[in-house]
Amino acid sequence: MKNNLDIILGIIAILGVVYRVFQVEARIYDAIEDLKQSLLNRIVTNEISLNIHIAIYQERKEQVDYLTHALDQKIDHKASRLLEEIKELKTELKYNQKAEG
(Lines give C-alpha, C1' and ligand atoms only; values in the text may rest on other atoms or scores of the structure.)
Protein backbone atom coordinates (compact mmCIF):
# COMPACT_ATOMS: atom_id res chain seq x y z
CA MET A 1 0.00 0.00 0.00
CA LYS A 2 2.84 2.36 0.81
CA ASN A 3 4.43 1.72 -2.58
CA ASN A 4 1.16 2.49 -4.31
CA LEU A 5 0.82 5.67 -2.29
CA ASP A 6 4.43 6.67 -3.14
CA ILE A 7 3.77 6.01 -6.84
CA ILE A 8 0.54 8.05 -6.77
CA LEU A 9 2.25 10.91 -4.91
CA GLY A 10 5.18 10.75 -7.36
CA ILE A 11 2.82 10.89 -10.34
CA ILE A 12 0.94 13.82 -8.77
CA ALA A 13 4.28 15.59 -8.12
CA ILE A 14 5.41 14.99 -11.72
CA LEU A 15 2.05 16.26 -12.99
CA GLY A 16 2.43 19.34 -10.76
CA VAL A 17 5.94 19.99 -12.13
CA VAL A 18 4.75 19.49 -15.72
CA TYR A 19 1.82 21.85 -15.08
CA ARG A 20 4.17 24.52 -13.70
CA VAL A 21 6.53 24.08 -16.69
CA PHE A 22 3.59 24.61 -19.06
CA GLN A 23 2.56 27.70 -17.07
CA VAL A 24 6.08 29.13 -17.37
CA GLU A 25 6.13 28.27 -21.08
CA ALA A 26 2.77 30.02 -21.58
CA ARG A 27 4.09 33.12 -19.76
CA ILE A 28 7.20 33.12 -21.96
CA TYR A 29 5.12 32.93 -25.13
CA ASP A 30 2.81 35.69 -23.82
CA ALA A 31 5.84 37.89 -23.06
CA ILE A 32 7.23 37.24 -26.55
CA GLU A 33 3.87 38.15 -28.10
CA ASP A 34 3.62 41.32 -26.00
CA LEU A 35 7.16 42.31 -27.02
CA LYS A 36 6.33 41.64 -30.67
CA GLN A 37 3.20 43.80 -30.43
CA SER A 38 5.13 46.56 -28.66
CA LEU A 39 7.82 46.56 -31.37
CA LEU A 40 5.21 46.64 -34.12
CA ASN A 41 3.50 49.61 -32.44
CA ARG A 42 6.83 51.45 -32.16
CA ILE A 43 7.64 50.75 -35.81
CA VAL A 44 4.24 52.06 -36.93
CA THR A 45 4.61 55.14 -34.72
CA ASN A 46 8.09 55.83 -36.09
CA GLU A 47 6.89 55.35 -39.66
CA ILE A 48 4.02 57.81 -39.15
CA SER A 49 6.39 60.30 -37.53
CA LEU A 50 8.85 59.94 -40.40
CA ASN A 51 6.09 60.49 -42.97
CA ILE A 52 5.00 63.64 -41.13
CA HIS A 53 8.58 64.96 -41.08
CA ILE A 54 9.00 64.19 -44.78
CA ALA A 55 5.77 66.07 -45.59
CA ILE A 56 6.89 69.05 -43.51
CA TYR A 57 10.30 69.01 -45.22
CA GLN A 58 8.72 68.96 -48.67
CA GLU A 59 6.42 71.85 -47.75
CA ARG A 60 9.35 73.90 -46.42
CA LYS A 61 11.41 73.09 -49.50
CA GLU A 62 8.55 74.25 -51.70
CA GLN A 63 8.29 77.51 -49.73
CA VAL A 64 12.04 78.09 -50.00
CA ASP A 65 11.91 77.45 -53.74
CA TYR A 66 9.02 79.90 -54.07
CA LEU A 67 10.83 82.57 -52.05
CA THR A 68 14.07 82.00 -53.97
CA HIS A 69 12.24 82.41 -57.27
CA ALA A 70 10.56 85.59 -56.00
CA LEU A 71 13.91 87.00 -54.89
CA ASP A 72 15.49 86.13 -58.24
CA GLN A 73 12.70 88.00 -60.03
CA LYS A 74 13.10 90.97 -57.70
CA ILE A 75 16.87 91.06 -58.28
CA ASP A 76 16.39 90.81 -62.04
CA HIS A 77 13.86 93.65 -61.93
CA LYS A 78 16.18 95.86 -59.85
CA ALA A 79 19.13 95.09 -62.14
CA SER A 80 17.03 95.92 -65.20
CA ARG A 81 15.96 99.24 -63.67
CA LEU A 82 19.57 100.02 -62.73
CA LEU A 83 20.77 99.32 -66.28
CA GLU A 84 18.02 101.56 -67.64
CA GLU A 85 19.07 104.36 -65.28
CA ILE A 86 22.72 103.92 -66.32
CA LYS A 87 21.71 104.19 -69.98
CA GLU A 88 19.70 107.33 -69.23
CA LEU A 89 22.63 108.86 -67.35
CA LYS A 90 24.99 108.05 -70.24
CA THR A 91 22.60 109.67 -72.68
CA GLU A 92 22.27 112.69 -70.40
CA LEU A 93 26.06 112.97 -70.08
CA LYS A 94 26.49 112.81 -73.86
CA TYR A 95 23.82 115.45 -74.32
CA ASN A 96 25.39 117.68 -71.66
CA GLN A 97 28.86 117.27 -73.22
CA LYS A 98 27.51 118.20 -76.67
CA ALA A 99 25.64 121.18 -75.24
CA GLU A 100 28.78 122.46 -73.46
CA GLY A 101 31.20 121.83 -76.25
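Okay, let's start with the lysines: Lys87, Lys90, Lys94 and Lys98 form a positive surface patch. Before I go on, this is a predicted model, where local features need pLDDT of at least 70, side-chain atom pairs count only at pLDDT 80 or more, and totals for chains, interfaces and linings use all residues. Residues are numbered from 1 along each chain as its sequence is written, and side-chain values use heavy atoms, with hydrogens and water left out.

So what's a patch? Its residues have over 30% relative accessible area and no salt bridge, with like charges joined within 9 Å and nonpolar side chains (Val, Leu, Ile, Met, Phe, Trp, Tyr) within 5 Å. Lys and Arg count as positive, Asp and Glu as negative, and His and the chain ends aren't counted.

Take lysine 90: it sits in helix α1, residues 2-100. Helices here are DSSP runs (H or I, at least four residues). Lysine 90 counts as exposed because its relative accessibility is 54%; buried means under 20%, exposed over 50%, partly exposed in between (1.4 Å probe, protein chains only).

There's a negative surface patch too, formed by Glu84, Glu85, Glu88 and Glu92. Glutamate 85 is also in helix α1, and at 44% relative accessible area it's partly exposed.

Now, how many salt bridges do we get? The count is 1, where the rule is a side-chain nitrogen of Lys or Arg within 4 Å of a carboxyl oxygen of Asp or Glu. Lysine 61 pairs with aspartate 65, with their closest N and O atoms 3.6 Å apart. They're 4 residues apart in helix α1, so about one helical turn separates them. Lysine 61 is partly exposed at 43%, and aspartate 65 is partly exposed at 43%.

Notes
Areas by Shrake-Rupley, 256 points an atom, 1.4 Å probe, with all protein chains shown as cover. Charge placed at Lys NZ, Arg CZ, Asp CG, Glu CD. Helix = DSSP H or I, 4+ residues; strand = E, 2+ residues; numbered from the N terminus.
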